[in-house]
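Please examine the structure shown below. The paragraphs that follow lead through a loop and then through a pair of packed helices.

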Amino acid sequence: MVLRAWDDYPDLMTDIFDVIADGTRRDILQLLLRRAADGDAGTSVSQIVSELGISQPTVSKHLKVLRESELVSVREDGQRRLYSIEVEPLEVVDDWLVPFLVDAFGDDAPDIDLSFAPLPDGAAHAAEVFGRAAASAKHVVATAIKRLGA
C-alpha cells in the first residue's frame, strides 16, 4: 500500500488517529464530552477514575497523551486540575472524513439545503453539543450491545 501526503491532509491528524485508537482515551473523551454537555466546567482526575473505574495512574497517563495532542485542556482550581474536551482537533478529522461519507452514498446522497440563515452563536453551540452528545450516546449503546454479544 502506498500512502501519499496530500497538501490538504493536516499533519496533526495522523497523531489524532493514533491517540483516539486507544479505547480508554475514547472513553475519557466521551466522559468529558458528556460532562461538558451537562454544563460542567471541567472534570477532575478523581471524577474520571470514579466514573470509568480505572486506576488513577492509568487515567493520568492517558490524560497526558490527550493533552499533548490538544484534545483536552487543563486548568487549575486550587489543588485540583480540571480537564475539558477540546473539539477543534476532532473537527479537523471530521472535516477530512465528510467527503468520504458523502462519496459513499454516490448518487443516493441526500441533498442538503444550506440556504438557511446561520444560527446565533449560542444556538449553534447548543446544536453542536447536542449533536455530539447524541453521537456519544449512539456509541455507548452500540458498545453495550457488542459487550452483551447481541
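Glu70 is exposed, with a relative accessible area of 52%, where exposed means over 50%, buried under 20% and partly exposed in between, for a 1.4 Å probe and protein chains only. The model is predicted, so that local features need pLDDT of at least 70 and side-chain atom pairs count only at pLDDT 80 or more, while totals for chains, interfaces and linings use all residues. Residues are numbered from 1 along each chain as its sequence is written, and side-chain values use heavy atoms, with hydrogens and water left out.

Glu70 lies in the loop between H4 and strand E2 (72–77); helices (H or I, at least four residues) and strands (E, at least two) are DSSP runs numbered from the N terminus. The phi of Glu70 is near 65°, a positive value in a residue other than glycine. Most residues other than glycine have a negative phi.

Ser69 also belongs to the loop between H4 and E2, but Ser69 is buried, with a relative accessible area of 5%. A polar atom of the Ser69 side chain lies 3.0 Å from the backbone oxygen of Leu66.

Helix H4 (residues 56–68) packs against helix H3 (residues 45–52) at an angle of about 115°, with the axes 9 Å apart. Axes are lines fitted to C-alpha atoms, for helices over the stretch in contact, and angles run from 0 to 180 degrees between N-to-C directions. From H3, Val45, Ile48 and Val49 make the contact, and from H4, Gln56, Val59, Ser60 and Leu63, contact meaning heavy atoms within 4.5 Å.

How values were computed. Polar contact = N/O pair within 3.5 Å; in protein donor to acceptor, adjacent residues only side chain to side chain.
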